[in-house]
Amino acid sequence: MESFGEWASRTGLWRDIQRLEARQLIEVSGVGPRLDRVIKLTKLGRLMALGGVLPPERWDRGWDGKWRIVVFDIPENERTKRQRLRLWLHTARFGLLQRSVWISPDPLGELAAKVQSETVDCGSLTVFEGNTCLGECAADIVGRAWDFHRIADAYAHWHAHVEQHIPPNIQGHDAKWFAWVDSERRVWQDCMAVDPLLPRELWPKGYAGEKWWKMRMRLLAKFAKIAPLDSTPDKG
C-alpha cells in the first residue's frame, strides 16, 4: 500500500518526466509536492504524440496564389543527387506535376537551402515561382499533381484498421492497449505520408481528410480515459 509518490519513484515515472521535460516535450508547473504539479504537453510534444504533423495548422494556412515549381533533369551519373532531391521534395509535400516537374503552393523555406547546396547548373535544376497564364485552374493542377484516390484509400485503410483492431473490453492495464495505440499511429502516419495537407482553398471535391482527423481525435480522447497508469508495456 505505497503512496503515489513512492510508486512513481519506484517505477521511474519521475525520471521519465524529467527526460521529457529536458527534450521540451512537456512542461511542468508548480513547485509544491509532486502531486500538486501540473504536467502539460508542449506544442512539440503534441506534435510528436499526434504523429509528427498537426493537419489543422496545415489546412488553415493561407495561400498567396503562387506556385513554386522545381524542374530538374539531373544526369544518370548523378543518380544519388537526383534521389536525394526527390526525397526532399516528397518530404516537403510537393506534388509531381509531370516527370521531373514538382509543384507546391508553399514558399520553399528550408528546402531552398538544400536545393541551393546541390552543385548543378540551371539547365539541370531550376526553381520558378509564379502563376499559370493559360487559364489553368488550381483544381486542375491539384488533381494532376497529387493522387487523391491514393490518399482516400490511405484514410479508408486507417478507418478499417481502427474498426477491426480495437480489442473488446479493453482495460487500462491491458498490454493490448499499447499494441493498439502503436498500430493506430503507424497506420495514421501512412496517411500523413501521402496527404499534402493543402490549404483549404485548394481542397479537391470530396476530400475528407478533416473528417478522418476529427474522428481520430474523438477516438484518441476516448482511449486516453483508459490510458494505463499502473503498468508498462510487455517488452517480451
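1. Trp63 and Trp67 are both buried. This is a predicted model, so please read the points below with that in mind.

2. Trp63 and Trp67 make one of them, a tilted pair with 5.0 Å between ring centres and 55° between the planes.

3. Another pair is Trp188 with Trp213; the ring centres are 6.0 Å apart and the planes meet at 45°, so this pair is tilted. Trp188 belongs to helix H9 (residues 175-194) and Trp213 to helix H10 (residues 209-224), so the pair links distant parts of the chain, 25 residues apart. Trp188 has a relative accessible area of 0% and is buried. Trp213 is at 7%, and because buried means under 20%, Trp213 counts as buried too.

4. Do look at the surroundings of that pair. One aromatic cluster is formed by Tyr155, Trp158, Trp188, Trp212 and Trp213. Lys211 sits over the face of Trp212, 4.2 Å from the ring centre.

5. Now to the sheet, which is open, with four strands in the order E4-E5-E3-E6 and antiparallel pairing. Strands E4 (95-98) and E6 (125-130) are at the edges with a single partner strand each, so one side of each has no neighbour in the sheet. On average, neighbouring strands are turned by 30° against each other, direction ignored.

6. Within the sheet, E3 (residues 67-72) and E5 (residues 101-104) pair in the antiparallel sense over four bridges. Ile69 has Ile103 in E5 as its bridge partner.

7. Two helices deserve a glance as well. Helix H5 (residues 79-91) lies across E3, E5 and E6, at about 165° to E3. Helix H7 (residues 138-145) lies across E3, E4 and E5, at about 100° to E4.

How values were computed: Residues numbered from 1 in each chain as written. Predicted model: local features only at pLDDT ≥ 70, side-chain atom pairs only at ≥ 80, totals over all residues. Heavy atoms only, no water. Phe/Tyr/Trp six-rings, centres within 6.5 Å; stacked < 30°, edge-to-face > 60°. Buried < 20%, exposed > 50% of the residue type's maximum accessible area, 1.4 Å probe, protein only. Lys NZ or Arg CZ within 6 Å of the ring centre and 35° of its normal. Pairing = 2+ DSSP bridges. Axes fitted to C-alpha atoms, helices over the stretch in contact; angles between N-to-C directions. Contact = heavy atoms within 4.5 Å.
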